[in-house]
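Dear colleague,

Please find the structure we discussed below. I would be grateful if you could read the notes that follow with the model open.

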Amino acid sequence: MLDTLKIKLQYLLPKQCLTQLAGRFANKKLGWLTQLVIKAFAKAYKVDMQEAKESEFIAYSTFNEFFIRALKEEVRPIVQGSETLALPADGTISQLGLIRDDQILQAKGHNYTLEALLAGNWQLADLFRNGQFVTTYLSPRDYHRVHMPCDGHLREMIYVPGDLFSVNPLTAANVPNLFARNERLICVFDTDFGPMVQILVGATIVGSMETVWCGMVTPPREGIVRRWTYPAHDSVCAVNLKKGEEMGRFKLGSTVINLFPADTVALNSALANGVSTRMGELLATRITADDAACAEESPACPSQPDAAATN
């Protein structure tokens, strides 16, 4: 009964207004009131301040400064090796596995399409048919900076306006096409593993989404699709990022979705729905030519990812 009420409220509440108000408050320097809110939030959500670069609450003059706090460098080592990809964020795996033609699993009984997620860009969607996806949910207690799974050159960025439903597990299980209807920022990279998409998904009370190359993308929320294209990787103005480097951040939490083409990466078999993630740990490994040949000869080849089974 309570869960049903929560879902109904998602449709009825003025999510845009609430998000705008929360964003304004979170960015204000209110002295003792800001400190009170930060301390209450940290206690309620059991935030581990010992991992933070600035572990004392007094170091943060606004709630946003606290929320996007940097971590000590040594607490998130990045998985080594040119054949590995790193988890992009602290959070929890919402879903992951095989993209079945163009269908991505949102939750049990709910799928959405690549083309819908990618704002109707069928040419981009075609690159990821039968590929792999990973959806990572960032809860309020988590570290809210998002990092690169591998070295990448930014090809384009697309801002897609949309709803601002919550993206917690309850909403994901009950709101159809959640990630394809919410506001989102689609970042398309060229990598040594092939094309990769990393999507920042907006949500209720997410006051802002930012990238390291563009700064704040939202707000304002103008209700129109915006697209940026970027120079070649060897250009002076190119955006080239290394594995583990920060690429963006949420001012109040949300979700990250990664897309990979077919037969390029094998997802870490230890990852499954509900598993906690720590940025920098193993996300996937490259599928080699030998792996692909083995898969054709024997579907039970142990080198193949069993991520689809986690769905």
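This is a predicted model: local features need pLDDT of at least 70, side-chain atom pairs count only at pLDDT 80 or more; totals for chains, interfaces and linings use all residues.

Residues are numbered from 1 along each chain as its sequence is written, and side-chain values use heavy atoms, without hydrogens and water.

The protein chain has 9 helices and 18 strands (DSSP runs numbered from the N terminus: H or I of at least four residues, and E of at least two). Of its 311 residues, 50% count as buried (under 20% relative accessible area; exposed is over 50%, partly exposed in between; 1.4 Å probe, protein chains only).

In strand β15 (residues 255-260), 6 of 6 residues are buried. Thr255, Ile257 and Leu259 point one way, and Val256, Asn258 and Phe260 the other. Strand β15 pairs in the antiparallel sense with β5 (residues 132-137) over 6 bridges and with β9 (residues 194-201) over 5 bridges; pairing requires at least two DSSP bridges. Valine 256 is the bridge partner of threonine 136, and isoleucine 257 that of isoleucine 199.

Leucine 30 lies in the loop between α2 (15-26) and α3. Leucine 30 counts as partly exposed because its relative accessibility is 31%. Helix α3 comprises residues 32-44.

Yours sincerely
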